[in-house]
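Open the model in a viewer and keep a selection panel at hand. The stops below go from whole chains to single elements.

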Amino acid sequence: MKTLPQAISAEREPPSKTRRRIASSYRTEIAIAIAIVVIELAVGMIVPAALSVGNLANVTQAAAPLAIMSFGVLLVIITGGIDLSVGSVFSLTGMVTGLAMAHGCGALVSSLAGLGIGLLVGAVNGALVTFVGLAPFVVTLSTYAIAGSLSFIVTDGHSLPISDPNYWLLNSGTIVPGIPNYALWCVLLLLSIELGLNKLVAGRWLYAVGSSSSSARAIGIPVNRIRLCAYLLSGLLASFAGILSISYISNAEATAGSSLMLQAIAAVVIGGASLFGGTGSAIGALLGALMITIIQNGANLIGVNSFWQGTVTGIVILIAVLVDRVTKARR
Amino acid sequence: MSEYLLSARSIEKRFGPTTVLRGFDLSVARGEVHAFLGGNGAGKSTFIKIVSGQHQRDNGAIEFEGRPVGTSITADVDPGAIAVVNQELALLPHLSVAENIALPRLRHGARTYSERIARAMATDALSLIDPQFAHESVDRLVGDLTLHERQLVEIARALSSGAKLLLLDEPTANLTAAETARLFSVVRRLIAETGLAVLFVSHRMREIRQVADVCTIIRDGKTAVDRAKLTSISDRDIVESMGQFMTTDGPAKDSTQRASHPSASRAVASTGAGVPLLSLRRADVRLDVYPGTIVGLAGAPAGPASLIDALAGLAAPGEWELLRAGKPLHYASTSAAARDGVGFISGDRADRGILHSLPIVDNLSAAERVVRGRYFARRAEAAHGAQLLETLNIRAGSLWDLPATLSGGTQQKLLVARWLMLNPTLLVLDEPTRGVDIRTKREIYGLVRRLAERGCAVVWWSTEYVELVELCDVVLAFDPNGQPTKVLEHADIDESTLADATGMAA
C-alpha cells in the first residue's frame with residue numbers, strides 16, 4: 001500500500017472540480033438564499049420601506065437569537081435526535097440572568113449563571129438520552145415543561161428589568177467597527193460550527209451518528225459522547241440566545257422563548273436538515289431563521305392579520321421540504 | 001507460540017431456550033483461505049459474531065495470535081485486527097464513500113478532518129479491488145450506491161484497516177462473477193503480501209473450490225469436519241456433512257410417508273386435466289402446478305426471492321409470466337394475494353411474520369381478518385385460537401401472551417396455524433424452517449403435507465437440500481444470478497443433482 005503522502009500527491013485535481021463540489025453540496029442553501037432575496041424584493045414592491053436599511057437591520061437583529069438557537073438544535077437534529085427544551089431554556093436563562101443582576105451580581109457573573117442553565121438542561125437531556133436510552137422527544141418534552149414552569153416560578157411570573165445600564169452593548173454595541181455585535185456573534189458562531197462540522201473529525205462523527213448509530217458504533221465512533229456533546233451545545237446556544245435577547249430588550253420575561261422552539265426546528269428543517277438525522281448545515285439553519293423572520297416582518301409591514309402568520313410559516317416549511325424532496329429524488 | 005492465528009475450542013452459545021453452538025472447534029492458520037460451511041441455522045453466523053465481538057460466548061476458549069482471549073473479544077484484541085464483513089452492512093448512508101472508509105481510522109475527534117486525505121485513503125483502499133470504481137465513487141454518497149457497490153466499499157474498508165484475520169460472511173452474495181473473481185484475486189495477493197488469514201462463509205461450491213485451501217463444516221452447532229483439505233474432500237462429502245438430519249436425528253426420509261403422499265398428487269399432475277392452478281414461465285422454463293403438488297425452489301436467494309415476492313403480492317412479477325388458474329397473476333398487495341387464496345409463510349419471523357406487540361390470539365387471526373375483511377375482533381376468535389393451539393400441540397401460557405414468550409420454532413408454527421383453517425389454494429413458503437429445531441421442522445413438514453393432500457398447491461423455497469429431497473414433487477433450480485435453470489422431476493431430486501443445478505453446496 002502507498003504511504004499517505006504518496007497517496008495525496010497522486011490525488012491532485014484541478015481546483016475547478018473542487019469548486020463544483022462545493023456548489024453542489026450547498027445546493028439547498030443557495031436555493032434558500034435566492035428564495036429569501038425574492039421574497040424580500042416582493043415585499044419591497046408592496047411596501048418600499050421593507051428594503052430600507054433600518055428595516056433590514058431590524059430583521060437581522062430579530063433573526064439573530066433565533067439563528068443562534070437553531071445552530072444548537074441543528075447539532076442535535078444531525079445526530080437524529082430532537083431538542084424541544086430550547087425555548088424554555090431561552091426563557092429561564094433570561095430570568096436567571098435578570099435575577100442574578102437584581103441581586104447585585106455583575107453582568108459577567110449573571111451571564112455565566114444564565115449559561116449555566118443551558119449547560120445544566122443540556123446535560124440532563126444528553127444523559128437521559130444517551131445513558132438511560134430514553135427517547136429524545138420525551139426527554140426534551142419533559143425538560144421543556146420543567147424549565148418553562150421554572151421561568152415563571154423564579155419571579156412568581158413577574159418580568160424583570162435588566163439593571164445593568166450597559167448590558168445592551170452585548171447585543172447592539174460594536175466591537176468590530178461597522179458590525180453590530182449581534183451580527184458578529186452570529187457570524188462567529190456560524191463559521192465555527194460550519195467549520196467544526198466539516199473540518200473536525202468530531203463534526204463528521206456527528207453526521208455518522210445520525211446516519212446510522214449502529215454502524216457508527218461498529219466502526220468505533222464514540223456515539224454516546226457525541227450525542228451528549230450535541231445536547232450540551234444545544235442547551236448552551238439556547239442560553240446564549242436568551243442572553244442576547246434580554247440585552248436587546250432590556251427586560252427578562254418568562255414567556256420570551258415560548259414561540260421560539262418550533263421556529264428553531266422549522267429553521268433547521270427549512271435549511272435542508274432531515275429529522276431522521278445525518279444531514280443539515282449551519283448555513284442552512286441561519287438562512288432558515290432569516291426566512292422565517294422576513295416572512296413575519298413582511299407580513300407585519302403588508303398588514304396581514306397576525307393570526308395568519310402561522311399559516312404562512314407552515315406553508316413555507318412544507319414548500320421547503322417538498323422542494324427538497326423533489327430535487328433529491330430527481331438526482 | 002501457537003501454530004494457529006485463531007483457535008477456538010469447545011465454544012458454546014445459547015440464546016434463551018435454544019442452544020446454537022454446542023462445543024464447536026475451529027482453527028485458522030496464518031495465510032490461508034478457510035471456507036466455513038454449514039446449513040442454515042447450524043451456527044455459522046453466531047460463531048462469526050462471537051469472533052468479531054458482537055456476541056459473547058457462554059463457554060469455551062479462544063486464542064488469537066497465541067494469546068488467550070477473554071469473553072470480551074474487543075477488549076483483548078487490537079481494534080481492526082479482526083475485521084468482519086457481514087451481510088448486514090455497517091455503512092453510513094449519508095456520508096461519502098471516502099468518509100466511510102477513512103472514519104474508522106480517525107480515532108481523535110478533536111483532530112482536523114481533511115477531505116483530501118480521506119479521499120486518498122479511500123482511493124488507495126478501493127484501488128485494491130477496482131481502480132476504476134475507486135476513481136468514480138470516492139465522492140459519492142454511500143446511500144446512492146447499489147448493494148454490491150456498498151459491499152465493495154465495506155470490503156475495502158476491512159482490508160484497509162490492517163486486518164490480520166478477515167471474516168467474510170457470504171461476501172459474494174451480491175457480487176457478479178467478475179467482481180467475485182477480482183475480490184478473491186485481491187484476497188490472494190494480500191495473503192501473499194501480509195500473511196492475512198481469511199475465514200469465509202459461502203454456499204457456492206465452485207467458488208469454494210476455486211479459492212479455499214481448507215474447510216471446516218459445522219452441523220447442529222458442532223464441528224462435523226475439522227480443517228479438511230479441499231483437495232482431499234469430494235463435493236458429495238461436503239454436502240453430506242452439512243446435512244442436518246441425514247444420520248441419526250428423527251425418522252430420516254420416511255419412505256412410506258413419502259410414497260403415500262406424492263402418488264396421489266402426481267396422479268393429479270400427470271393426468272394434466274384442466275387448467276393448472278398456477279403456471280410459472282420465464283425464458284424457456286415452464287412449470288405447471290396442479291393441486292396437491294409441492295414445488296421446491298432451490299438456489300441462491302435472488303431467484304427464489306423474486307418469485308416468492310411476486311406470488312405473495314410483495315412485488316411485481318418482473319420477468320416472470322405467472323398464470324393463476326389460466327389468468328395473468330399480478331397482485332397489487334399482499335392482502336389481494338391473501339383474498340385470492342394465497343397463503344404466505346416466511347421464515348423471516350422478525351420482519352415478515354410475527355406481530356411482536358400483539359398477543360398470540362391476534363397473530364393467529366391476522367390472516368383470517370384480512371381474508372374475510374373483518375374489522376372487529378370477535379370473541380369466537382379466542383375459542384378458535386385455543387382449538388388451533390391444541391391441534392398443533394403448541395404449548396402457550398395464554399392466548400393473550402406475547403409471541404416472544406414462545407420459542408422460534410413455536411412462533412413458526414403460529415404462522416402456519418394462521419393459514420391452516422383458511423384452506424388456501426396456494427401456499428407460498430419462504431424458508432419456513434429457518435432457525436427451527438428438528439422436531440418442529442418435522443411437524444411443519446407434516447402440516448404442509450396435510451394441506452397438500454387436501455388439494456393445496458405448495459411453493460417451498462428452502463436452502464436445505466434434504467428438505468427439498470424429502471418433500472418436493474418438483475424442484476425449480478436457480479443459478480447464482482437468479483436465473484431459473486432447470487425443472488427437476490421427482491425421481492431426479494437428490495442432493496447432488498440439486499448442487500449441480502444451482503452451483504451451490506447448500
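**Before selecting**

This is a predicted model, in which local features need pLDDT of at least 70 and side-chain atom pairs count only at pLDDT 80 or more, while totals for chains, interfaces and linings use all residues. Residues are numbered from 1 along each chain as its sequence is written, and chains are lettered from A and ligands numbered from 1 in the order in which they are written.

**Stop 1: chain A**

Select chain A and colour it by secondary structure. There are 15 helices and 2 strands; helices (H or I, at least four residues) and strands (E, at least two) are DSSP runs, numbered from the N terminus. The C-alpha trace spans about 65 × 50 × 40 Å along its principal axes. For 331 residues a compact globule would have a radius of gyration near 20 Å, and the 21 Å of chain A agrees with this. That radius is taken over C-alpha atoms, and the globule rule is 2.2 Å times the number of residues to the power 0.38.

Of the 331 residues of chain A, 47% count as buried. A residue is buried if 20 or more other C-beta atoms lie within 10 Å of its own, exposed if 12 or fewer, and partly exposed in between, with C-beta atoms placed from the backbone. Among the contacts in chain A with a separation of 6 or more, 77% come from residues 24 or more positions apart. Two residues are in contact if their C-beta atoms, placed from the backbone, lie within 7 Å.

**Stop 2: chain B**

Now select chain B, which has 19 helices and 20 strands. Its C-alpha atoms fill a box of roughly 65 × 50 × 45 Å, taken along the principal axes.

**Stop 3: where the chains touch**

Show both chains and select the contact, to which chain A gives 26 residues and chain B 24 residues. Which elements of chain A each supply at least two residues of this side? They are α1 (4-9), α10 (201-211) and α11 (213-218). Helix α10(A) gives the most, with 8 residues. By class, the side of chain A that touches chain B has 14 nonpolar, 7 polar and 5 charged residues. Ala, Val, Leu, Ile, Met, Phe, Trp, Tyr, Cys and Pro count as nonpolar, Asp, Glu, Lys and Arg as charged, and the others, Gly among them, as polar.

**Stop 4: the two domains of chain B**

Colour 4-242 as domain 1 and 255-502 as domain 2 of chain B; these bounds come from an automatic or database domain assignment. The domain centres, taken over C-alpha atoms, are separated by 33 Å. In the contact between them, 10 residues of domain 1 meet 10 residues of domain 2. Helix α9 (residues 235-242) of chain B gives the most to the domain 1 side, with 3 residues. That side has 3 nonpolar, 4 polar and 3 charged residues.

**Stop 5: a mixed sheet**

Select the open sheet of 6 strands in chain B, ordered β16-β17-β18-β13-β19-β20 with mixed pairing. Two strands pair if DSSP finds at least two bridges between them. The edges are β16 (342-346) and β20 (484-489) of chain B; each has a single partner strand, so one side of each is left without a neighbour in the sheet. Neighbouring strands of this sheet are turned by 15 degrees against each other on average, direction ignored.

Zoom in on β19 (residues 474-478) of chain B, which is antiparallel to β20(B) and joined to that strand by 5 bridges. Here Leu476(B) stands opposite Val487(B).

**Stop 6: helix α14 of chain B**

Select residues 360-371 of chain B, where the buried positions are Ile360(B), Val361(B), Asn363(B), Leu364(B), Ser365(B) and Ala367(B). Their cover includes α12 (334-339), α15 (379-391) and α16 (408-420) of chain B. After α14(B) comes Gly373(B), with a positive phi near 55 degrees.

Terms used
Axes are lines fitted to C-alpha atoms, for helices over the stretch in contact, and angles run from 0 to 180 degrees between N-to-C directions.
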